[in-house]
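Please find below a note on the model under review.

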Amino acid sequence: MIMKTKLIVVAGPTAVGKTALGIELAERFNGEIISGDSQQVYRQLNIGTAKATPEEQAAAVHHLIDVRDVDESYSAYDFVTEAQAAITDIVSRGKLPIIVGGTGLYLQSLLEGYHLGGQVGQNQVLAYRSELEQLSDQQLFEKIDSSGIEIKEINRRRAIRALELYRFSDNLENTETCYEPFIIGLDDERSLIYDRINTRVDKMVELGLLEEAKWLYDNFPARGIGYKELFPYFSGEQTLDEALEKLKQNTRRFAKRQLTWFRNRMTVSFYQISSPEYPENVIQDLAIFLNEGEK
């Protein structure tokens with residue numbers, strides 16, 4: 001019997017406190033953090049991606065943050081490849097890998113061993129691809145939205161590939177992974193999560209979100225990764241208040257899609273962050289998980 005590597009995953013919607021919990025777990029369980037976020041890989045995009053601050057990164061070693069320039073691509077395949085290497089490195093030094101992030105497709109691809117090239121019948125994939133290619137951009141993107149799929153930057157190619165994975169992932173002959181994960185899902189009452197999102201956006205503005213978004217708008221206007229709602233303000237089409245309200249609204253919708261993914265497509269142990277038992281209940285459950293099978 002092959003011994004599997006135990007690792008921890010902290011998942012959940014945006015603004016729910018994943019970063020803080022990840023750092024606490026790293027400190028308590030001698031761990032290092034691997035970012036499971038599709039946007040935090042990009043250098044110079046710090047505020048709008050809610051990247052761990054320098055102080056937070058100093059509190060626990062972080063991997064897969066600031067590993068790409070804004071004009072470079074980053075895919076689920078890249079994440080799986082680089083996360084696997086990071087896990088191997090962390091374990092080799094006697095540390096516990098802790099993956100923290102909200103990009104469901106990335107986490108599922110790593111933990112369930114997807115062959116991202118696909119292992120269902122090629123004719124079956126091609127037939128579905130042909131069907132998708134007949135759709136307009138709007139129809140494609142609506143399918144993405146209704147399926148709860150997260151794509152860091154919408155375009156036809158990425159949309160079609162994500163829908164193929166979504167359609168066929170349950171039937172893939174997935175590779176047996178060497179990981180035994182404990183997936184922590186952070187959740188709360190919907191209204192409380194939405195309040196946290198609204199407060200976070202306001203705080204981001206205080207920290208310099210507009211300057212960061214303006215730099216992106218001026219230099220890489222096609223890459224509105226989490227910032228595109230502010231672009232109409234820069235072009236004079238909306239007031240700042242209108243743009244910020246749209247950003248909050250879209251972030252709330254994004255959080256809902258994230259929760260849909262984790263509830264419907266992954267085996268997650270959910271914890272309410274407003275519970276008086278949190279986070280000690282998480283820590284107790286993790287201690288049991290990590291000690292299982294050990295004498």
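The numbered points below take these topics in turn.

1. Basis of the values. The model is predicted, so local features need pLDDT of at least 70 and side-chain atom pairs count only at pLDDT 80 or more, whereas totals for chains, interfaces and linings use all residues. Residues are numbered from 1 along each chain as its sequence is written, and side-chain values use heavy atoms, with hydrogens and water left out.

2. Cis peptide bond. The bond from tyrosine 278 to proline 279 is cis, and its omega is near 5 degrees. Proline 279 belongs to the loop that runs between β6 (269–272) and α12 (280–291). Helices (H or I, at least four residues) and strands (E, at least two) are DSSP runs, numbered from the N terminus.

3. Positive phi at alanine 15. This residue, which is not glycine, has a positive phi near 70 degrees. Alanine 15 sits in the loop between β1 (5–11) and α1 (18–29). Its relative accessible area is 7%, so alanine 15 is buried. Buried means under 20% relative accessible area, exposed over 50%, and partly exposed in between, with a 1.4 Å probe and protein chains only.

4. Positive phi at aspartate 66. Here too a residue other than glycine has a positive phi, near 60 degrees. Aspartate 66 is located in the loop between β3 (62–63) and α3 (76–92). With a relative accessible area of 30%, aspartate 66 is partly exposed.

5. Six strands form an open sheet in the order β3-β2-β4-β1-β5-β6, and the pairing is parallel. Strands β3 and β6 are the edges, each pairing on one side only. Two strands pair if DSSP finds at least two bridges between them. Strand β2 (residues 31–35) pairs with strand β4 (residues 96–100) in the parallel sense over five bridges. In this pair, glycine 31 stands opposite leucine 96 in β4.

6. Packing of α4 on α11. Helix α4 (residues 104–111) packs against helix α11 (residues 240–265) at about 25 degrees, with the axes 10 Å apart. Helix α4 is therefore roughly parallel to α11. Axes are lines fitted to C-alpha atoms, for helices over the stretch in contact, and angles run from 0 to 180 degrees between N-to-C directions. Angles under 35 degrees count as roughly parallel, over 145 as roughly antiparallel, 65 to 115 as roughly perpendicular and the rest as oblique.

7. Residues at the helix contact. Gly104, Leu105, Leu107 and Gln108 in α4 meet Trp261, Phe262 and Arg265 in α11, where contact means heavy atoms within 4.5 Å. These residues comprise four nonpolar, two polar and one charged. Ala, Val, Leu, Ile, Met, Phe, Trp, Tyr, Cys and Pro count as nonpolar, Asp, Glu, Lys and Arg as charged, and the others, Gly among them, as polar.
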